[in-house]
Amino acid sequence: MGNQDSKVDRFAQRITDPTSEPAPPDLAQGDNGKGLDAAQESEGVMAQAVLQKKEPLTPTREEQMLIDLVARGEPADYSSSNPADNDPITGVSWEPTRTIRAEVICALVTKSKQRWPVHANGLRIKGARIAGFVDFQGITISYPIIFTDCYIEQEMVFKDASAHSVNLDGCYV
């Protein structure tokens, strides 16, 4: 189990820091009957282990506002009242009150938190700083994702994802 824990820790590091080493490919052998190769199956095993090991995700006040608005089908607007402070290219210097962690967005999109329902209107965020690595790889997103004028700190991964619609109008990645 100790060797498995170190692999999980390395995978957790990789998904929070995409410049770190790749996930170890030696957890799975061959096809699992679902059309996944060993690397994909290994990633799935590792992701499950990370989810089981990870601390509970406690939302900040700003993130709770997003969760509440998304449940009601309303957009979440984190824009400043001063239009000069809303250029996404300057998002790195935005106030912490405009920050939403990628983990919260991923939890909403993947519906991994039963207490965080998403209305059919989807996830609509304006003027927020999205902190962290947004990884939608291989998931199905059944409602719209609309980010407007947001600063997205790290890349967003949509490899092998299926989405109703994704709009990143005016965003800086």
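## Surface and overall make-up

The accessible surface of the chain comes to about 9800 Å², and carbon and sulfur atoms hold 50% of that area. Accessible areas come from the Shrake-Rupley method with a 1.4 Å probe, and for residues only the protein chains shown count as cover. The model is a predicted one, in which local features need pLDDT of at least 70 and side-chain atom pairs count only at pLDDT 80 or more, while totals for chains, interfaces and linings use all residues. Residues are numbered from 1 along each chain as its sequence is written, and side-chain values use heavy atoms, with hydrogens and water left out.

Of the 173 residues of the chain, 36% count as buried; buried means under 20% relative accessible area, exposed means over 50%, and partly exposed lies in between (1.4 Å probe, protein chains only). The chain contains four helices and eleven strands. Among contacts (heavy atoms within 4.5 Å) with a separation of 6 or more in the chain, 48% involve residues 24 or more positions apart.

## The sheet of four strands

Four strands form an open sheet in the order E1-E3-E7-E11, with parallel pairing. Strand E1 (76-77) and strand E11 (166-167) stand at the edges with a single partner strand each, so one side of each has no neighbour in the sheet. Two strands pair if DSSP finds at least two bridges between them.

Strand E3 (residues 123-126) and strand E7 (residues 145-148) are joined in the parallel sense by four bridges. Leu123 has Ile145 in E7 as its bridge partner. Helix H4 (residues 102-110) lies across E3 and E7 and runs at about 155 degrees to E3. For such angles, axes are lines fitted to C-alpha atoms, for helices over the stretch in contact, and the angles run from 0 to 180 degrees between N-to-C directions.

## The sheet of three strands

A further open sheet has three strands in the order E2-E4-E8, with parallel pairing. Its edge strands are strand E2 (99-101) and strand E8 (151-152), each of which pairs on one side only. Strand E4 (residues 129-131) runs parallel to E8 and is joined to E8 by two bridges. Within this pair, Ile130 stands opposite Ile152 in E8. Helix H4 packs on this sheet as well, touching E2 and E4, and its direction makes about 60 degrees with that of E2.

## Cysteines

The structure holds zero disulfides, a disulfide being a pair of cysteine sulfur atoms within 2.5 Å. The sulfur of Cys150 is 4.5 Å from the closest cysteine sulfur, that of Cys171, which is too far for a bond. Cys150 is buried at 0% relative accessibility, and Cys106 is buried with a relative accessible area of 15%.

Glu62 lies in helix H3 (residues 61-72) and is buried, with a relative accessible area of 14%. Its side chain makes a polar contact of 3.4 Å with the side chain of Arg61. A polar contact is a pair of N or O atoms within 3.5 Å; within protein, one must be able to donate a hydrogen and the other to accept it, and residues adjacent in sequence count only if both atoms are side-chain atoms. Apart from neighbours within four places in sequence, Glu62 is in contact with Tyr78, Thr97, Thr99 and Ile100.

Asp149, in the loop between E7 and E8, has a positive phi of about 55 degrees although it is not a glycine. Asp149 is partly exposed, at 27% relative accessibility.
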